[in-house]
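My plan is to jot down what I look up as I go.

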Amino acid sequence: MFSVTDIQLLELIGLYFFPFCRIGAFFLAAPVFGSQLVNTRTRLIFALVVTAISAPLLPEVDIKVGINLATLLAVVQQMLIGFAMGFILQIVFHVFVLAGQLIAMKMGLGFASMNDPSNGITVTVVSQFYLMLSTLLFLSLNGHLIALEVLIDSFNVMPVAMFGITREALWHVLSIGSWMFQGALLLALPVLTSILIVNIAFGVMNRSAPQMNVFTVGFPITLIFGLLLIWFSLVSFLPNYQIIVNEGFQFVDGLLEAK
């Protein structure tokens, strides 16, 4: 007669429970997966399916599930690891949002805002355009599959244990903020520089012909010129996108190696 002991049952639960904590936290914080357009039930089902497929292939878990401190610490650590990995990828997408904010403010479209359905916040139309473009590129280039591969490989680099996220790893996550501003500025710098030259030209015209209303004439010209610059800059958007996304995945690898 087939029988299962309590120890075997706890080992079987731990085999799936601890990986599910990390995978579920990752899906909650990661872009595309953690979007508000994806409801909680779909996200939960997807996390359960990925856990059921990948858990038998992961390293053996030494911690036994139970009502004790070891289980609590292991659950917290797995959730922190998942949240940190998803947060880093979320920052990658906000590089393009911030670049769109900088461009929109410079070309006079700072007032033209719309609701972002994926994040539930209000952003400028240029930021929404860059966010949609980067999301479509992320999906078309199989970025979601690469993110899942990195997530599953993280169990080999940082196995399930009571201690995983260190102070160095948390500082590594915090340091990504400066990288986000740097990447956004470099992405928007050609457009910002060109619009600055246009504004300087209007300043010179205002000094030479004070009777001309610069605000009335300059705003539509700056707006049209800014839209043309965004159009011309799309040629270099894909190479810049690949560089930023690759650096984002390198930050994820650095998080896993900062033990």
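**Loops first**

I started with V32, which sits in the loop between α1 (6–29) and α2 (40–54). Helices here are DSSP runs of H or I with at least four residues, and strands are runs of E with at least two, numbered from the N terminus. Before going on, I noted that this is a predicted model, where local features need pLDDT of at least 70, side-chain atom pairs count only at pLDDT 80 or more, and totals for chains, interfaces and linings use all residues. Residues are numbered from 1 along each chain as its sequence is written, and side-chain values use heavy atoms, with hydrogens and water left out.

Back to V32: its phi is positive, about 70 degrees, although V32 is not a glycine. (Buried means under 20% relative accessible area, exposed over 50%, and partly exposed in between, using a 1.4 Å probe and protein chains only.)

Which loop holds N142? I found N142 between α4 (125–140) and α5 (143–157). N142 is a residue other than glycine with a positive phi, near 60 degrees. Its relative accessibility is 39%, so I put N142 down as partly exposed.

**Helix α7**

Next I checked α7, which has 33 residues and spans 46 Å from its first C-alpha to its last, close to the 48 Å expected at 1.5 Å a residue. (The expected span is 1.5 Å times one less than the number of residues.) I did find a kink of about 55 degrees at L189 in α7, shortly before the proline P190. The bend is the angle between axes fitted to the seven residues ending at a residue and the seven starting there. Buried residues in α7 include I176, W179, G183, L187, V191 and F202.

**What α3 packs against**

I then paired helix α3 (residues 69–107) with helix α7 (residues 176–208): they pack at about 20 degrees, with axes 8 Å apart. Axes are lines fitted to C-alpha atoms, for helices over the stretch in contact, and angles run from 0 to 180 degrees between N-to-C directions. α3 and α7 are therefore roughly parallel. (Under 35 degrees is roughly parallel, over 145 roughly antiparallel, 65 to 115 roughly perpendicular, and the rest oblique.)

How do α3 and α4 compare on the page? Their axes come within 7 Å and cross at roughly 150 degrees, so I wrote α3 and α4 down as roughly antiparallel.
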